[in-house]
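My entries follow in the order in which I looked things up.

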Amino acid sequence: MLSMEQTNAGIDIEALKISFYGAGSMAEAIVRGLINQKLTKPEQISMLNRQNADRLNELSEKYGIQTVLNGSTNEQFIQDADIIFLAMKPKDAVSAISSIKHLLSEKQLIVSVIAGLSISSIERVLGKSAAIVRTMPNTSSTIGLGVTGISYSGSVTEEQRKLAETMFASIGINAVVEESLQDSIVGVSGSGPAYVYFFMEAMMQAAEKLGLPADQAKELIVQTVLGAAEMVRTTGEEPAELRRKVTSPNGTTQAAIESMAASGLTEAVVRGMLRSAERAGEIGSDIERSTLS
Ligand SMILES: NC(=O)C1=CN([C@@H]2O[C@H](COP(=O)(O)OP(=O)(O)OC[C@H]3O[C@@H](n4cnc5c(N)ncnc54)[C@H](OP(=O)(O)O)[C@@H]3O)[C@@H](O)[C@H]2O)C=CC1
Ligand SMILES: O=C(O)[C@@H]1CCC=N1
């Protein structure tokens, strides 16, 4: 299921124009990843927003990409794009797609990163079937360590699949999944970085209570998390086995893990992840209902 394909599979991505409709955190993470990984040049990328001009100026200065607020130039960027990313909040998706549907042509590939938004909802708003890639990336794409769930509409060609998978493989790993699993991907890796940051925040609180200065605590915790994740990847051992190796009988780790387990850590994490996936489903149903009314 996972692929680490890093080559460009013979596709000249640099020749393609890519437009991001919605210039928020997720769009920036992908843009920064694509530019840093040298998959495309900044001048091939445009980013469009509804009203936040300051944000667009910031992105233009930072990455050298083309930016524009809604208006006639905006329309030109959408029309000229080979690939259009839909990257606005779910609540804005239906009106945003409606507002550009007359500008879209059959040769374009639509890539959505919107949680919960189904391919059928997009097609209903467009009023026709289209080449749509539904994805669920995460913000670690910024540094080439993202995870992206990918599903395709029936109209996506083999070449367009290669293109989508090449783009996302350049900023992390891909999991091509049945569309029905996309909400699960939200619960696991879409929201996933936030769970780890939340855990790190708690570790930092504890380190300070234990008397370490904040800066030093952060440095130790970052390296601990990085080292632990890299140990799982490099050794190929299961997390449970690696945990066992840290845990001396009747030692400090056992005392900590027993205390965390007694506070319900496992149940809290499982419940939280299931709730994230469930919420993605709710968001998708709300959007679907609005496309039917
Ligand atoms: N953040 C994350 O970790 C992840 C997010 N996602 C998905 O990415 C999408 C964006 O999330 P995120 O980047 O966090 O959100 P942000 O709020 O950071 O960005 C959303 C952007 O969309 C713009 N926008 C809203 N409506 C329109 C419109 N009609 N036309 C053009 N631009 C519009 C907003 O601009 P303005 O302020 O001008 O309205 C804003 O820049 C969501 O659908 C989310 O589900 C998916 C995976 C991970
Ligand atoms: O919180 C959200 O809704 C988005 C989707 C996955 C991560 N962030």
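I counted a residue as near a molecule if its C-beta atom, placed from the backbone, lies within 6 Å of it. The model is predicted, with local features needing pLDDT of at least 70 and side-chain atom pairs pLDDT 80 or more, while totals for chains, interfaces and linings use all residues. Residues are numbered from 1 along each chain as its sequence is written, and chains are lettered from A and ligands numbered from 1 in the order in which they are written.

**Ligand 1.** I found 28 residues around ligand 1, the closest being G22, G24, N52, A96 and A115. I took helices (H or I, at least four residues) and strands (E, at least two) as DSSP runs, numbered from the N terminus. At least two residues of the shell come from each of α1 (25–36), β3 (45–49) and α4 (90–100). Which element gives the most to this shell? It is α4, with four residues. For classes, I counted Ala, Val, Leu, Ile, Met, Phe, Trp, Tyr, Cys and Pro as nonpolar, Asp, Glu, Lys and Arg as charged, and the others, Gly among them, as polar. The shell around ligand 1 then holds 14 nonpolar, ten polar and four charged residues.

**Ligand 2.** I found A115, V186, G190 and S191 around ligand 2. Two of the shell residues are nonpolar, two are polar and none is charged.

**α4 and α12.** I next looked up how α4 packs on helix α12 (residues 265–292): the angle is about 30 degrees and the axes are 9 Å apart. Axes are lines fitted to C-alpha atoms, for helices over the stretch in contact, and angles run from 0 to 180 degrees between N-to-C directions. The two helices α4 and α12 are therefore roughly parallel, a term for angles under 35 degrees. P90, A93 and V94 of α4 meet I283, I287, S290 and T291 of α12, contact being C-beta atoms, placed from the backbone, within 7 Å. Of these contact residues, five are nonpolar, two polar and none charged.

**α8 and α9.** Helix α8 (residues 192–209) and helix α9 (residues 214–235) cross at roughly 135 degrees, their axes coming within 9 Å. The contact includes V196 and M200 of α8 and L220 and I221 of α9. By class I recorded ten nonpolar, no polar and two charged residues in the contact of α8 with α9.

Note on methods:
Angles under 35 degrees count as roughly parallel, over 145 as roughly antiparallel, 65 to 115 as roughly perpendicular and the rest as oblique. Two residues are in contact if their C-beta atoms, placed from the backbone, lie within 7 Å.
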